[in-house]
Amino acid sequence: MRQKTKPKFEIRERRVFSEEVRKKAVKELVTKRTTIKELMSQHQVGRNTIYRWLYKYSAYHEQKCTLVVQMQSEEIKNSELQRRIAELERVVGQKQLEIDFLNKLLEVGSAELGFDLKKNFNTPPSNGTGSTNGRTATS
């Protein structure tokens with residue numbers, strides 16, 4: 001049995017679709033009345049041609065533009081994480097203000113007292129029960 005062989009290369013006529021036909025196809029695709037496969041078979045064009053029409057005639061689709069599709073639960077989670085980030089940034093800002101205030105307080109106190117409060121590590125630590133300067137707690 002001999003099978004009928006198809007020619008390897010078919011030469012098709014170059015077809016040019018009017019702008020109205022292309023816009024109508026894109027409108028049907030955007031409004032979800034048809035699919036890309038249906039348009040491919042209806043107009044006998046390739047997938048790339050349909051996408052070129054889509055990028056050219058659709059206001060919603062741009063080439064090299066990524067459309068992010070997410071579930072509502074992901075959206076809620078993302079908004080909650082964004083809120084948490086904002087709260088943490090606020091807390092960090094408050095802590096930085098507190099640190100700046102304390103540093104300024106040490107600077108002013110050091111100027112008033114005449115010695116550096118930050119670097120006064122010469123005094124021995126006191127545990128409250130021992131003697132200081134030769135005195136006992138009972139004397």
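## Aromatic pairs

A search of the whole structure, which is a predicted model, finds 2 aromatic pairs. The rings of phenylalanine 17 and tryptophan 53 have planes at 75° and centres 5.4 Å apart, so this pair is classed as edge-to-face. Distant parts of the chain are linked by the pair: phenylalanine 17 belongs to the segment before H1, whereas tryptophan 53 lies in helix H3 (residues 47-57), 36 residues apart. Both phenylalanine 17 and tryptophan 53 are buried.

Tyrosine 51 and tyrosine 55 form an aromatic pair with a distance of 6.1 Å centre to centre and an angle of 40° between the planes, a tilted arrangement. Tyrosine 51 and tyrosine 55 are both located in helix H3, 4 residues apart, which is about one turn of the helix.

## Exposure of the tyrosine pair

Tyrosine 51 has a relative accessible area of 28% and is therefore partly exposed. For tyrosine 55 the relative accessible area is 32%, so that residue is likewise partly exposed.

## Surroundings of arginine 22

Arginine 22 is placed in helix H1 (residues 19-30). When its neighbours within four places in sequence are left aside, arginine 22 is in contact with Phe17, Trp53, Lys56 and Tyr57. Two of these residues, Phe17 and Trp53, are the partners of the edge-to-face pair.

Arginine 22 is buried but has no salt bridge. The nearest side chain of opposite charge is that of glutamate 19, at 5.7 Å; a salt bridge would require a side-chain nitrogen of Arg within 4 Å of a carboxyl oxygen.

Definitions and conventions: Residues are numbered from 1 along each chain as its sequence is written. This is a predicted model: local features need pLDDT of at least 70, side-chain atom pairs count only at pLDDT 80 or more; totals for chains, interfaces and linings use all residues. Side-chain values use heavy atoms; hydrogens and water are left out. Helices (H or I, at least four residues) and strands (E, at least two) are DSSP runs, numbered from the N terminus. Buried means under 20% relative accessible area, exposed over 50%, partly exposed in between (1.4 Å probe, protein chains only). Lys and Arg count as positive and Asp and Glu as negative; His and the chain ends are not counted. Contact means heavy atoms within 4.5 Å. Rings of Phe, Tyr and Trp (its six-membered ring) pair if their centres lie within 6.5 Å; planes under 30 degrees apart count as stacked, over 60 as edge-to-face and the rest as tilted.
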